[in-house]
Amino acid sequence: MEYTPWDLRDIMEDYDNLNQILFGQKLFKELVNGLNFIHISDKLVAKIGDFGQTVIEGNTNNLPNIGTRWYKAIELLLGSTNFTKHVDLWSLGCIIFEWYRRYPIFNGLTDLEQIYQIIKVLGIPDLNDYADWAKLPDVKKISFSNIKKIYNLDSEFINIPLNVTKVVQVLLKINPLKRLSTTELLSMDYFSSNNFPEVKFNITKQYLQKRRSKKKKKERWKKIILEYKIDI
């Protein structure tokens, strides 16, 4: 795997709004094409990023503790071991949203808080629409009656292009089977363009060192908040 000196967050914070839109379309089209290849091909010869926590679909020995909390599909947070490639689609929706809004849509400090944040925006699913909800291992351990839907997903799309909004809406679905497949995504308007202008960004070594120093400080504060249960 080739070494990359920066990550998406570095690029995101370096960009102005116009460059972010232009580069985002190119970036996410490449990402969806790569995911599509992995999802439909039995010849797994593709490189997208860190595969340290990937699993084989259909393996009954899979564990739900894969992925990064902020980008985990809700079925993983609720203990599912029978998950599918649809968890990738949820993560994709979270990443696309964050790229354009510059903050994560769900950012819980714990798995339980992450679940609460998701339900507050998307609501508790109707069992007629998602019968398997009741079968998720940890659903009965949580009192969902105390969680009310406060926000609406549409209210989060401030200053986001309409074609981006439509993509995120079809990916952030509680029911995994309701999330559009990668093949279906590629037919959407957002991914239809093949003409992308060259976009340059100026990320210096000094900038990266400064930003990563701030990141380490934030991580230390997160640990302190969790350990001492500081009310923020």
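Helix packing and a loop in a predicted model

Me: Which residues of α4 meet which residues of α6?
Reply: Leu-89, Trp-90, Leu-92, Gly-93, Ile-96, Phe-97 and Tyr-100 of α4 meet Val-164, Val-167, Val-168 and Leu-171 of α6; contact means heavy atoms within 4.5 Å. These residues comprise 10 nonpolar, one polar and no charged, where Ala, Val, Leu, Ile, Met, Phe, Trp, Tyr, Cys and Pro count as nonpolar, Asp, Glu, Lys and Arg as charged, and the others, Gly among them, as polar. This is a predicted model, in which local features need pLDDT of at least 70, side-chain atom pairs count only at pLDDT 80 or more, and totals for chains, interfaces and linings use all residues. Residues are numbered from 1 along each chain as its sequence is written, and side-chain values use heavy atoms, with hydrogens and water left out.

Me: At what angle do α4 and α6 pack?
Reply: Helix α4 (residues 86–101) and helix α6 (residues 162–171) pack at about 150°, and their axes are 8 Å apart. The axes are lines fitted to C-alpha atoms, for helices over the stretch in contact, with angles from 0 to 180 degrees between N-to-C directions. The two helices are therefore roughly antiparallel, a label for angles over 145 degrees.

Me: Which residues of α6 are buried?
Reply: Val-164, Thr-165, Val-167, Val-168, Val-170 and Leu-171 are buried in α6, that is, under 20% relative accessible area with a 1.4 Å probe, protein chains only. Their cover includes α4 and α7 (182–185).

Me: Changing topic: is Leu-78 buried or exposed?
Reply: Leu-78 is buried, at a relative accessible area of 0%. This residue lies in the loop between α3 and α4.

Me: What does Leu-78 contact, leaving aside neighbours within four places in sequence?
Reply: Leu-78 is then in contact with Ile-115, Trp-133, Leu-136, Pro-137, Asp-138, Val-139, Ile-142 and Phe-144. Ile-142 is 64 residues from Leu-78 along the chain, with 9.4 Å between their C-alpha atoms.

Me: And where does Thr-81 lie?
Reply: Thr-81 lies in the loop between α3 (74–77) and α4. Thr-81 counts as partly exposed because its relative accessibility is 34%, between the 20% limit for buried and the 50% above which a residue is exposed. Thr-81 and Leu-136 are 55 residues apart in sequence, and their C-alpha atoms are 9.0 Å apart.

Me: How many helices and strands does the chain have?
Reply: The chain has eight helices and zero strands; helices (H or I, at least four residues) and strands (E, at least two) are DSSP runs numbered from the N terminus. Of its 232 residues, 37% count as buried.

Key:
Parallel < 35°, antiparallel > 145°, perpendicular 65-115°, else oblique.
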